[in-house]
Structure formats: C-alpha cells, structure tokens
Amino acid sequence: MRRETAAGTGAKMAARLQTEPKDPDGWRGLGRAYMGQGESDEAAEADDRAAALRPNDVGLRLQAAEALLSGLKPDDTLPSTALRLLHQVEAVAPD
C-alpha cells in the first residue's frame with residue numbers, strides 16, 4: 001500500500017511539473033518519491049532538473065548525491081550521477 005501511495009504521489013508531482021517545470025523543490029520532491037519507489041534513474045533525472053534550476057545550491061546537490069548513495073554496499077560501484085553531482089559541489093564550493 002505504501003508503495004502504491006508513493007507511486008500515486010510521484011505521478012501527481014510529475015504531472016504538475018509538466019505544467020510548472022521551474023519548481024526546483026518540486027523536482028527534488030519528485031526525486032525523493034522516485035527513490036522511495038526504487039527508481040534511481042528517474043530520481044537522478046528529477047534531481048538533475050532541480051539542480052539545473054539552482055546552479056549554486058550546494059545543499060540540493062548534496063541531498064541528491066546522498067539519495068543516490070544511500071543503500072549502496074561497500075563493494076558497489078559509485079553511480080556516475082552521484083560523482084558528477086559531487087564534482088559540481090566541489091566546483092561551486094571548493095572549501
């Protein structure tokens with residue numbers, strides 16, 4: 001039931017973002033919804049959209065990277081999207 005609720009919420013958010021695409025918080029919320037459904041590729045795409053709308057928002061990129069890294073085992077390969085986000089953080093805030 002919880003997964004169905006998350007899927008419904010994600011679908012509503014995705015539909016709203018089609019008409020209001022300049023909502024970084026909405027894209028980030030959609031990314032979290034997709035992660036909750038185990039859809040990491042879709043989550044990464046939504047997080048990329050959010051990050052593009054706030055190019056200097058380090059926190060948003062860190063949240064997105066954290067979501068992509070959560071649940072990884074020590075021997076798992078780091079997702080390329082997470083590495084890209086971390087490089088963006090380093091470029092914006094090298095300290």
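Arg16, Glu20 and Asp23 are linked in a network of salt bridges, a salt bridge being a side-chain nitrogen of Lys or Arg within 4 Å of a carboxyl oxygen of Asp or Glu. The model is predicted: local features need pLDDT of at least 70, side-chain atom pairs count only at pLDDT 80 or more, and totals for chains, interfaces and linings use all residues. Residues are numbered from 1 along each chain as its sequence is written, and side-chain values use heavy atoms, with hydrogens and water left out.

## Exercise 1

Task: Find the N to O distances in the salt bridges that Arg16 forms with Glu20 and with Asp23.

Solution. 
- Step 1. Side chains of opposite charge can pair when their charged atoms come close.
- Step 2. For Glu20 and Arg16, the closest N and O atoms are 3.1 Å apart.
- Step 3. For Asp23 and Arg16, the N to O distance is 2.9 Å.
- Step 4. Classify the exposure, where buried means under 20% relative accessible area, exposed over 50%, and partly exposed in between (1.4 Å probe, protein chains only). Glu20 has 42% and is therefore partly exposed; Arg16 has 30% and is partly exposed too.

## Exercise 2

Task: State which parts of the chain are tied together by the salt bridge between Asp48 and Arg84.

Solution. 
- Step 1. The closest N and O atoms of Asp48 and Arg84 are 2.8 Å apart.
- Step 2. Asp48 lies in helix 3 and Arg84 in helix 5 (residues 80–92), so the pair ties together parts that are 36 residues apart in sequence. Helices here are DSSP runs (H or I, at least four residues), numbered from the N terminus.
- Step 3. Asp48 counts as partly exposed because its relative accessibility is 27%, and Arg84 counts as partly exposed at 34%.
- Step 4. A search of the whole structure finds six salt bridges.

## Exercise 3

Task: Describe helix 2 (residues 24–36) by its span, its N-terminal end and what follows.

Solution. 
- Step 1. Helix 2 has 13 residues. The expected span is 1.5 Å times one less than the number of residues, and the 18 Å from first to last C-alpha is close to the 18 Å expected.
- Step 2. Asp23 caps the N-terminal end: a side-chain oxygen of Asp23 lies 3.2 Å from the backbone nitrogen of Asp25.
- Step 3. The buried residues of helix 2 include Trp27, Leu30 and Tyr34.
- Step 4. Gly38, with a positive phi near 80°, follows helix 2.

## Exercise 4

Task: Decide whether Leu17 is buried or exposed, and list what Leu17 touches.

Solution. 
- Step 1. Leu17 lies in helix 1 (residues 2–19).
- Step 2. Leu17 counts as buried because its relative accessibility is 1%.
- Step 3. Not counting residues up to four places away in sequence, Leu17 touches Asp23, Gly26, Trp27 and Leu30, where contact means heavy atoms within 4.5 Å.
- Step 4. The C-alpha atoms of Leu17 and Ala44, 27 residues apart along the chain, are separated by 15 Å.

## Exercise 5

Solution. 
- Step 1. Between the C-alpha atoms of Gln37 and Gly10, 27 residues apart along the chain, the separation is 9.0 Å.

Note on methods: Helices (H or I, at least four residues) and strands (E, at least two) are DSSP runs, numbered from the N terminus. A polar contact is a pair of N or O atoms within 3.5 Å; within protein, one must be able to donate a hydrogen and the other to accept it, and residues adjacent in sequence count only if both atoms are side-chain atoms.
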